Amino acid sequence: MIRELKIHNNLNRKKEVFSPIEAGKVKYYSCGPTTYDFLHIGNARALVIGDLFHRVLKSFGYEVNFVRNYTDVDDKIIERARELKRDPIEHAAIFVKECEKDMNSLGMIPASHTPKVSETMPEIIQMIQDIIDHGKGYEVDGEVFFNVPKAIDYGKLSKKDMDSLQHGIRVEVDTKKQHPSDFVLWKPAKEGEPFWDSPWGKGRPGWHIECSAMAKKYLGKTIDLHHGGVDLMFPHHENEIAQSEAANDCPFCNNWAHNEFLNFGSEKMSKSLGNVIKIRDFVEKYGGQVLRHILLSVHYRARLEWSDEVLNRALDEVKKIHEFALDVKTYQSAGSYTAKEITECVEKMTEELSNDFNSAGAMGHFFSFMRNVKAHKEELSVESLVIVKKTMTFVEETLGLINKNPVTVLEALLKHEQDTSSTGVDAQWIEGLIEERKMAKASKNWARADEIRKEIAAKNIVLKDNPDGSTTWTVQS
Ligand SMILES: [Zn+2]
């Protein structure tokens, strides 16, 4: 039996009952990472939310065909590979492997397909040809553009109209384009760049076309659900729609869901801010379970404001959950206790998740379940104990909030506690504040910068601002 689910569909900005084209089967696509460097925890939000959708759909009885791509041909990759004197394709392949390690550490279940651009070239070239054949693309000197004014309803996802688009675009130097909004489908290779043969000469695809081609290859012309970070809505997703609908002459996707940003010190987390925490470094320090926990503790459409408080709460909750997961295995049915917090927990969590994947709401029910079971562990009825085990399995499988091996999680947390208490200071806490102070200074917020210095000084830490702009710290003896 399939459980009904409501999803907030960004095509019409409404929460709707999800109704896939083929009953019981979901064609689901999520935009994956560009593999040029290690991922940071901002990237982790999109990945874990994509995984949440996948798990919930499966748990609700759907057969899910889930595609998440790797962008392994891209300007950033070429640039980084050049710096490292490495072949770009080889460089990207290294980081595909590194991404996979990060995804495993975040407890993500495998997607059905994880295509790479470098392995989808024939389909990409065919799709560009189809777009040209339908009169919606044109070639100039080996470069192919999508003709935006010819797209049907361009802007229907991001709610931008052609007038505002034209207005917002700076005067372009690129005179090859017929319209300033037109975007690249294929570009000629420059000296030393990777290239593929095409009807328009040696070159490589623009960014947007890969997702259209991969979705079609693995899912078909019209898909049920497409996910990505909210930053991808325009132009990336808008362009995916334009390309697919131009090439295929039918709707591309029926439901669009976007997760909000992860904010760090109330700024969008991005590399340009320099306040990046790599997933790898976070996991090394606290374990992946803590990061997953934080990312699911806020509804995907709400901004997640990163703070020490958020981190500390997660550390505490993850510890409690995994101590409980270990402890519960030893429980015996020894009485007649039962309560609706126990018997109804799975149903309540399911209800929350069926309401636009409300993982935060589901977690709330699980915590009151856990408190109740712990308080009555000596007197649980046979029935209650069976339900307790089922509930734990649900949380493990549908949310991934319980690790199969609780001991590993607890050991990682214990190690962190010991590291922190041996020096008496939490290095990550200080580094975080130093970054925040740097940003405060950059935005001339001297009051906040001073406040941070005092906050750190209160822990007997002295900051030293170096001539090169960096800041180091020492513990005052
Ligand atoms: Zn995409």
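Colleague: Which residues have the most contacts inside the largest nonpolar core?

Modeller: Keep in mind this is a predicted model. Its largest nonpolar core has 78 residues. The ones with the most contacts inside that core are F282, V290, F366 and F369.

Colleague: How many residues are in the second, separate core?

Modeller: That one includes Y154, F183, C211 and C253. Its size is 39 residues.

Colleague: What geometry does the zinc ion's site have?

Modeller: The protein donors are C31 (SG), C211 (SG), H236 (NE2) and E240 (OE), at 2.0 to 2.3 Å from the zinc ion. The angles among the four donor atoms run from 78 to 129°. A tetrahedral label needs all angles between 85 and 135 degrees, so with 78° in that range the site counts as irregular.

Colleague: How many residues apart are C31 and E240?

Modeller: Along the chain, the donors follow C-x179-C-x24-H-x3-E. C31 sits in the loop between β3 (25–30) and α1 (41–59), while E240 belongs to helix α7 (residues 233–248). Both are buried. This pair links distant parts of the chain, 209 residues apart.

Colleague: What is the distance between the end C-alpha atoms of helix α16?

Modeller: Helix α16 (residues 427–442) has 16 residues, so at 1.5 Å a residue it should span 22 Å. The model agrees with that, its end C-alpha atoms being apart by 23 Å.

Definitions and conventions: Residues numbered from 1 in each chain as written. Predicted model: local features only at pLDDT ≥ 70, side-chain atom pairs only at ≥ 80, totals over all residues. Heavy atoms only, no water. Core = buried A, V, L, I, M, F, W, Y, C linked by side-chain atoms within 4.5 Å. Buried < 20%, exposed > 50% of the residue type's maximum accessible area, 1.4 Å probe, protein only. Donors = N, O, S within 2.8 Å, 3.2 Å for Na, K, Ca; no water. Tetrahedral: all angles 85-135°; square planar, octahedral: opposite > 155°, others 65-115°. Helix = DSSP H or I, 4+ residues; strand = E, 2+ residues; numbered from the N terminus. Expected span 1.5 Å × (residues − 1).
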